[in-house]
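Reader: I'd like to learn how to read a structure like this one. Could you walk me through it?

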Amino acid sequence: MLKKKIQSGYNFAFLDEQSKKEIRRRTLKAVAIPGYQVPFASRELPIARGWGTGGLQLTMSLIGPDDILKVIDQGSDDVVNAVNIRKLLAQTTGVRTTEDTREATLIQTRHRIPEEPLEDWQILVFQVPYPEPLRRVEPSEVKTREMHAEADYSRLWVYLYEDIVRWGEITIGAQYPVMVNGRYVMDPSPVPRWDVPRLNMAETLYLFGAGREKRIYAVPPHTRVESLQFSDYPFQVEDFTGKQCDLCGSTDAYLDEIIDDVTGARRYTCSDTAYCAKRRQLKEEAGKNA
Amino acid sequence: MGYVPIKGGQAAIEAAEKLVRYFRLRGGSAPLEIKQIQDQMRLAVDRVMGEGSLYAPFHAALALKQAEGDTIEASFLLRAYRSTLPRIGYSVVVDTRDMTVIRRISAAFKDIPGGQILGPTRDYSLRLLDFQLADESLTHIREFLSKFAPGMMRGEKIGTEEVPPSFPKVVDMLRAEGLLETLTAGEEAEEIIDITRQPITFPAPRAARLQAMARGETGGLMALAYSSMRGYGNVHPTLGELRVGYVPLRVYHKTRSDEVVTVGRVLVTEAEVIARMDAEEDNIPRFTLGYGLCFGHNEIKAISMAVLDRAMRTGSKEAPAEDEEFILYHIDGIEASGFTAHWKLPHYVTFQSVLDRLRRAQQVARREGEGTQ
């Protein structure tokens, strides 16, 4: 995409420099204590609370003029919220944007990790609605912070156990709790279980920002991230056995289920649209060369 | 492909923005002037400044115009604008005894030093729709002003010249008689934190609670305060004093730090609620105080703040109004409205994931059902 003119009248990346510096310092603390939620004084942005303001503030504090930015929502570059956030960042920084995961230096995401592998020169910023994994069992922030301090996760284990007793399965879909570096239980944001194993011992820095709840946390590269599970009830990712992407034929990607509005039949397409497009293009090129 | 309702974003957003503009303008009426909103939608402007946490009448009026009168949306616009402004300093602490009062009442005493000053209020008016307003013209306005405020028509500055410059406070009288709790040493020594620069942690200092409430959403504060008044943690409030007026905005001189400069004035509403008895260390029972102060003229908000301020101090957390975490995390209109609206965003990845779990759980249930038959 073309470099766009920077919106006049606003600082580079919208926030004032003092605020960006504060956010970066909190981020450094988060990186130093993997999985620990660092409080920060979240700023209001022209995007509503709950629409990605935590991720945005991280991105704004980190982005430089040479960055190449990718923004996705539900795996897609082209859904309205991703478009909106990309527009705000592009207008206030003038940086180049891309849809190619392998090209982006900074990726902001909601609810997905891109399918293509990420490397050590890339940063993935997650938008987080509920930073507190213990909120399922305890509504009070004072109490959950105490529980983290004492590494007391017994109530969450009991919750998982009771889930199995009641339903014969752990019924947590997305936003599956994980143990980070053997110390803090962390909410990986509402990514599907499919994405959770990719947090473990990764090459990339993962940063998580919750704007409304005013928390930053991180999974640095090469950090152990384990899904909570029992030996007789192991963690499972979503089951797409026998299904494939209707567009690119992938059998190894997270799929969106699509209900045909005429026939009511179910079809599937890749949730990561850039990955899907790239596969189709490669196929097409291979077809031409053959 | 039939299913692309939220993709193809950019063009759709632009079209939606044009439609918003069109819906605002399609009636073909004359454009609203910002000055008109500032003058004639005074209370809406005040509310937006309070909830937007920025004392800027022009910007608040502009936000109201842009938001088509939606106060939450207008406050949100103002808050976002606020984030672009650097924090250049803090004002000198205001003493509301120095307030230039436009309204001041007490429900605790019939007669108070300085007198009850009703000021601009609808409290005792019959709420009948005034159909004459529908035909209000500039002539009517001039006629009214020349009779009611002839000085203003002659270009003199309209003011509060007939009102004493400052009043003794009702609560000061009670305090002098030893009927009211004294401020604890801890509270007075407390460093005032800035909740826009340091996130709130619990237990929150009182200054943080009052700041959070001062930018809270009026309706949200009222609902929670009302729950207390109805009995969920009732503090049995009496309105000691309600003041509306201007306080001077003073700052320390940039280079000569011992010099204080008055740079403007700010309209605020202040409520002091006298509440249920409590005994201090000396075992002598005294009344307790709840305090509320917000930007602009917004009495419901200031009173709600004062009731909640007192309710949160009970510390029992048996009722929602007594639980500071419950109150402070849920009164911010910008946060609450943003998150409420976010459910309109697509959630199909997460929904797919729970669908997978439901199908699996159904399989388990069916299998077990077959096993038992």
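Reader: Into which domains is chain B divided?

Author: First, some housekeeping: this is a predicted model, where local features need pLDDT of at least 70, side-chain atom pairs count only at pLDDT 80 or more, and totals for chains, interfaces and linings use all residues. Residues are numbered from 1 along each chain as its sequence is written, while chains are lettered from A and ligands numbered from 1 in the order in which they are written. Domain bounds come from an automatic or database domain assignment. In chain B, domain 1 covers 10–82 and domain 2 covers 96–123 + 164–335.

Reader: How many residues of domain 1 of chain B are in contact with domain 2 of chain B?

Author: Two residues are in contact if their C-beta atoms, placed from the backbone, lie within 7 Å. Here, 12 residues of domain 1 of chain B touch 13 residues of domain 2 of chain B.

Reader: Which helices of chain B each supply at least two residues to that side of domain 1?

Author: Helices (H or I, at least four residues) and strands (E, at least two) are DSSP runs, numbered from the N terminus. On the side of domain 1 of chain B that touches domain 2 of chain B, they're H3 (42–52) and H5 (71–82). H3(B) gives the most, with 6 residues.

Reader: And what about chain B overall?

Author: Chain B has 15 helices and 4 strands. Its C-alpha atoms fill a box of roughly 85 × 65 × 55 Å, taken along the principal axes. As for contacts in chain B between residues at least 6 apart in sequence, 64% join residues at least 24 apart.
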